[in-house]
Amino acid sequence: MCFDFAVIGSGVAGLRYALEVSKHGTVAVITKAEPQESNTNYAQGGVSAVLSPSDSVESHMQDTIIAGAHLCDEETVRVVCTEGPERIRELIAMGASFDHGEDGNLHLAREGGHSHHRIVHAADMTGREIERALLDAAIREPNIFLFQHHFAVDLLTSQDGSNAICHGVDTLNTETLEVVRFLSKVTLLASGGAGHVYPTTTNPLVATGDGVAMAHRAQAVIANMEFVQFHPTALADEGLPVTPAKARENAFLITEAVRGDGGILYNIDMERFMPLYDDRVELAPRDVVARSIDDQLKKRNEKYVLLDISHKPREEILSHFPNIAAECLKFGLDITQQPIPVVPAAHYMCGGIRAGLEGETNVKGLYVAGEVACTGLHGANRLASNSLLEALVFARRAVQPSIEHMSNSTLDFNASDWWSQPMVAISLGDEVLTKVIRKTKEIRKELQAIMWKYVGIVRSTARLTSAEQKIAKLEAKWEEYLFQHGWKPTMVGLEACEMRNLFCCAKLVVNSALSRTESRGLHYTIDFPHLVESKRLPTIIRPSSLVNNTWSSRQLHQPSIYL
């Protein structure tokens with residue numbers, strides 16, 4: 001299938017971009033599950049932007065740079081903080097409905113790391129409201145074609161001298177089990193994060209690092225993958241009065257705004273502990289809060305801590321946090337009376353595919369926006385509620401260069417023959433496929449356990465080296481099992497392709513973490529516990545720097561013709 005633009009991902013970045021470029025050509029929006037199953041949909045807190053007269057762009061910039069441990073790209077920070085308010089106004093014009101105060105103005109909340117009230121929100125379901133507004137608009141746009149249940153497998157690239165060029169993407173329709181090839185003049189990767197590299201994550205099931213892995217295999221430069229943000233407060237099922245009947249696919253997020261609203265953290269003995277770690281107490285940035293909780297859990301050998309908001313008026317709690325209150329009540333917990341059991345969970349990848357100020361990458365025709373990108377905004381740690389903002393700003397900034405690239409490109413309808421066609425694994429037979437899928441699920445759990453134990457919130461060189469060795473062994477074991485059972489390198493299947501992406505991302509995280517010999521932001525290592533000014537540089541992984549001939553690091557199709 002041929003389109004002017006192919007958009008991989010249907011969260012805020014993908015849809016916002018699609019709505020703009022659809023004025024200039026045909027757009028395929030390719031999404032792995034249902035269109036609304038994105039990280040955007042799970043974003044409770046809100047979008048930060050300078051909308052109050054007492055606030056300023058300089059102040060938002062300063063908060064962002066301080067949270068990012070001075071690793072942020074200052075020009076990117078300025079661009080995002082300056083253009084943010086206009087992006088919010090566009091969302092409102094499209095029909096997104098945010099909370100207003102009694103004075104009729106937008107209600108602006110404050111969250112950890114922010115010096116002003118600047119978080120626009122829709123109760124505790126902001127992402128869902130933004131996604132709804134964008135999806136409604138996209139469905140009405142005749143030039144946008146939505147392909148759901150299409151899992152992106154690999155980008156289609158060719159070499160022009162030393163430059164890689166992107167021509168589209170191969171996908172697997174997970175319902176019909178057919179391979180669908182999309183040829184496009186421009187491709188936007190907006191496929192979200194890689195939370196499922198860890199066992200507990202707030203990300204939806206689809207967040208398996210597909211975008212970063214595909215881009216890495218397609219010769220894109222990757223940056224800052226060691227900076228994995230753990231949200232300090234996900235609901236800890238073990239601490240609920242009624243244990244959920246089955247394990248959750250993704251952790252339930254207890255938004256930062258609960259602490260912003262006066263929530264207090266206690267250990268199980270109801271001792272308040274944040275004053276021991278930081279003067280900003282519960283309003284310290286996420287990395288500080290997550291490390292403090294992690295320290296409490298390790299010292300006390302406990303599974304969770306408690307977050308208490310019950311000292312606030314009942315009506316206020318229920319109006320600010322209806323979604324959280326309802327979820328906790330399902331398991332016998334009344335948050336207006338009792339503290340909430342919480343635990344840190346993998347939440348956001350600050351690193352990703354290296355992008356310029358217009359979302360461009362080193363691969364021609366490939367643009368990136370949202371969590372999959374590393375724009376330099378977040379530095380070593382993302383400031384609360386800056387992620388939806390970044391997605392909106394970069395989705396919009398990528399539009400003009402994309403249109404120009406599209407206008408100067410031609411699609412060769414015979415181009416589809418340049419790459420060998422991936423095969424669906426059905427030919428192996430049901431029995432073998434069932435065994436392969438079962439084994440892959442086991443391996444996935446093993447990889448997640450290694451990442452949590454050795455590449456978690458607090459790291460050490462010995463633990464990271466151990467992770468590197470264990471991951472290499474595990475990957476070799478898995479590939480051997482696959483190929484012994486008749487799997488071919490050009491075969492595709494959802495579970496196996498997600499697994500190769502998880503392996504690829506896990507290795508990028510470990511490799512990046514090992515190369516940073518200091519502690520900065522989210523990367524904290526006991527062997528180098530301090531900031532080192534001379535190391536205040538992004539971690540860059542160039543295509544040639546991870547020479548590794550495993551299945552996860554190669555494209556399924558090597559082009560038979562180079563342009």
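How are α1 and α11 oriented to each other? Let me first state the basis. This is a predicted model, in which local features need pLDDT of at least 70, side-chain atom pairs count only at pLDDT 80 or more, and totals for chains, interfaces and linings use all residues. Residues are numbered from 1 along each chain as its sequence is written, and side-chain values use heavy atoms, with hydrogens and water left out.

Helix α1 (residues 12-21) packs with helix α11 (residues 387-397) at an angle of about 25°, their axes being 8 Å apart. Axes are lines fitted to C-alpha atoms, for helices over the stretch in contact, and angles run from 0 to 180 degrees between N-to-C directions. Helices are DSSP runs of H or I of at least four residues, and strands are runs of E of at least two, numbered from the N terminus. The two helices, α1 and α11, are therefore roughly parallel to each other, a term for angles under 35 degrees.

Which residues meet? From α1 come V12, A13, R16, Y17 and E20; from α11, L388, A391, L392, A395 and R396. Contact here means heavy atoms within 4.5 Å. By class, this contact of α1 with α11 has 7 nonpolar, no polar and 3 charged residues; Ala, Val, Leu, Ile, Met, Phe, Trp, Tyr, Cys and Pro count as nonpolar, Asp, Glu, Lys and Arg as charged, and the others, Gly among them, as polar.

I turn now to the strands. An open sheet of 3 strands runs in the order β3-β5-β4, with antiparallel pairing; strands pair if DSSP finds at least two bridges between them. At the edges are β3 (47-48) and β4 (108-109), each pairing on one side only. V47 stands opposite V120 in β5.

Key
Angles under 35 degrees count as roughly parallel, over 145 as roughly antiparallel, 65 to 115 as roughly perpendicular and the rest as oblique.
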